[in-house]
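Visitor: Hi! Could you walk me through this one?
Guide: Happy to, here it comes.

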Amino acid sequence: MAFELERLGVHESVEAVFPPAELADYLVDLPVEVAVIGDDEISSCDAVVTLEHRESFLDLDWVHSIQAGVDRFPFDAFEDENVILTNSTGIHDRSVGETVAGYLLMFARRLHDHVANQQERRWDRPEWDDAFTLPGSTACVVGTGTLGRGVAETLGGLGVRVTGVRRSGDPVPGFDAIYANDRLLEAITDAEFVIVTVPLTEATHHLFDAEAFDAMRDDAYFVNVARGSVVDEPALIDALEAGEVAGAALDVFEEEPLPEDSPLWEMDEVIISPHCAAYTRDYFRDTGDIVRENVDRLTDGEEFHNRVV
């Protein structure tokens, strides 16, 4: 679909991730006007870069999501109105991989205990058999796309054996073994770490339920850097309270911010981060590079990179 791009808006909702002016300044060399906009200025644009969805986006030609996940956007409506939707897949592999590695190192070296002890001025060393090292352990990464591959690459460098779960059982570089989706329970049975990186779809909604947590080792740790609704949260809480899993590192939740009355806040073996596993100071540059490439592709009449709709 060809259209004339004259004004590109950077929607103020990206403020949750980076200052919108930083991205606008980064794109100042584009052959179109780039401006930071609020909801009242959407109609003055042909395209917008955004974190959140607005109904008025349906009157535009192109919407770019600063995240890889696009489950907040109404695909059918975009198709009906001939609105192009692109996303930021491909920029989060290393950042999310390092965040996941950080979670695993915290559990292995008991760093979260030390931080908690520091707040109480408490000089407590871990029990002799609490801490361990990562080489020789196995992490099962459920989802072998950009995030999953970034996790596999980072953990592989720490000596972790990495297995993966994907639609097919075809091999994927960086993974020691691959299981098809229908072998999920088998795949997670022997892993010390189970890491979720799948997008949220009808098929992955509550993919991790009571049955999945029951299949995991009782000394295994669960990590979710995908979407909150991939996990049946009450089932996870039950599994943690019953000791069916050793702990969890969670960056995403079914309700965000995580409600103050959630039992997860009080659990010693749960690490909570506020949906920021991909955040870096270069986030706006990485997003801007995709936008710039697509402006060039539009000019040349080529297909958009990372087009979702």
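Guide: First a term: helices (H or I, at least four residues) and strands (E, at least two) are DSSP runs, numbered from the N terminus. This is a predicted model, where local features need pLDDT of at least 70, side-chain atom pairs count only at pLDDT 80 or more, and totals for chains, interfaces and linings use all residues. Residues are numbered from 1 along each chain as its sequence is written, and side-chain values use heavy atoms, with hydrogens and water left out.

Visitor: Thanks! Where is R121?
Guide: R121 sits in the loop between α4 and β6 (138-142). Its phi is positive, about 50 degrees, although R121 is not a glycine.

Visitor: And does R121 count as buried or exposed?
Guide: R121 counts as exposed, because its relative accessibility is 78%. The cut-offs are under 20% relative accessible area for buried, over 50% for exposed and partly exposed in between (1.4 Å probe, protein chains only).

Visitor: What about R110, which loop is that in?
Guide: R110 is in the loop between α3 and α4. R110 also has a positive phi, about 60 degrees, without being a glycine. At 6% relative accessibility, R110 counts as buried.

Visitor: Switching topic: which peptide bond is cis?
Guide: The one from E256 to P257 is cis, with omega near -5 degrees. P257 belongs to the loop between β11 and β12.

Visitor: Last one: which residues of α8 are buried?
Guide: In α8 (residues 233-241), the buried ones are E233, A235, L236, I237, A239 and L240. After α8 comes G243, with a positive phi near 75 degrees.
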